[in-house]
Amino acid sequence: MKLYKVSQDIRNGYDTYDSIVVLAKNEDSARIMHPDGYLVTEKKDLCGDWVDYENLNKVSITLLADVGNKLGKEPKVILASFNAG
């Protein structure tokens with residue numbers, strides 16, 4: 001498992017997330033994580049506070065570390081940056 005920083009600048013107003021740190025197997029798995037912990041996998045997943053399904057290809061992904069199984073074997077959000085209004 002790897003730690004990735006996933007960031008976006010598409011939705012950058014109040015009450016939006018600008019970035020998250022996630023534990024995932026690869027970039028594709030990291031890309032579909034929503035800051036609330038669920039997966040954005042269908043067009044019906046329209047997120048007012050994060051990138052929706054149609055714009056997932058526009059998020060920026062940075063590999064932070066390969067942590068093996070030290071933090072678990074399931075994808076999850078480790079940290080989220082929220083811009084409260």
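The side chains of S19 and D18 are joined by a polar contact of 2.9 Å. A polar contact is a pair of N or O atoms within 3.5 Å; within protein, one must be able to donate a hydrogen and the other to accept it, and residues adjacent in sequence count only if both atoms are side-chain atoms. This is a predicted model, in which local features need pLDDT of at least 70 and side-chain atom pairs count only at pLDDT 80 or more, while totals for chains, interfaces and linings use all residues. Residues are numbered from 1 along each chain as its sequence is written, and side-chain values use heavy atoms, with hydrogens and water left out.

S19 sits in strand β2 (residues 16-24). Helices (H or I, at least four residues) and strands (E, at least two) are DSSP runs, numbered from the N terminus. Leaving aside residues up to four places away in sequence, S19 touches K5, V6, S7, W50, A80 and S81; contact means heavy atoms within 4.5 Å.

β2 and β4 pair in the antiparallel sense over seven bridges; two strands pair if DSSP finds at least two bridges between them. They belong to an open sheet of four strands in the order β3-β1-β2-β4, with antiparallel pairing. Its edge strands are β3 and β4 (76-83), each pairing on one side only.

H34 lies in the loop between α1 and β3. Its side chain makes a polar contact of 3.0 Å with the side chain of D49, and a polar atom of the H34 side chain lies 2.8 Å from the backbone nitrogen of D36. Among the residues that H34 touches are Y17, I20, W50 and V77.

A search of the whole structure finds one salt bridge, between the side chains of D52 and R11 (3.2 Å, N to O). A salt bridge is a side-chain nitrogen of Lys or Arg within 4 Å of a carboxyl oxygen of Asp or Glu. The pair links distant parts of the chain, 41 residues apart: D52 is in the loop between α1 (27-31) and β3 (60-66), and R11 in the loop between β1 (2-7) and β2.

The table gives relative accessible areas, where buried means under 20%, exposed over 50% and partly exposed in between (1.4 Å probe, protein chains only).

| Residue | State | Relative accessible area |
|---|---|---|
| S19 | buried | 13% |
| H34 | buried | 1% |
| D52 | buried | 10% |
| R11 | partly exposed | 26% |
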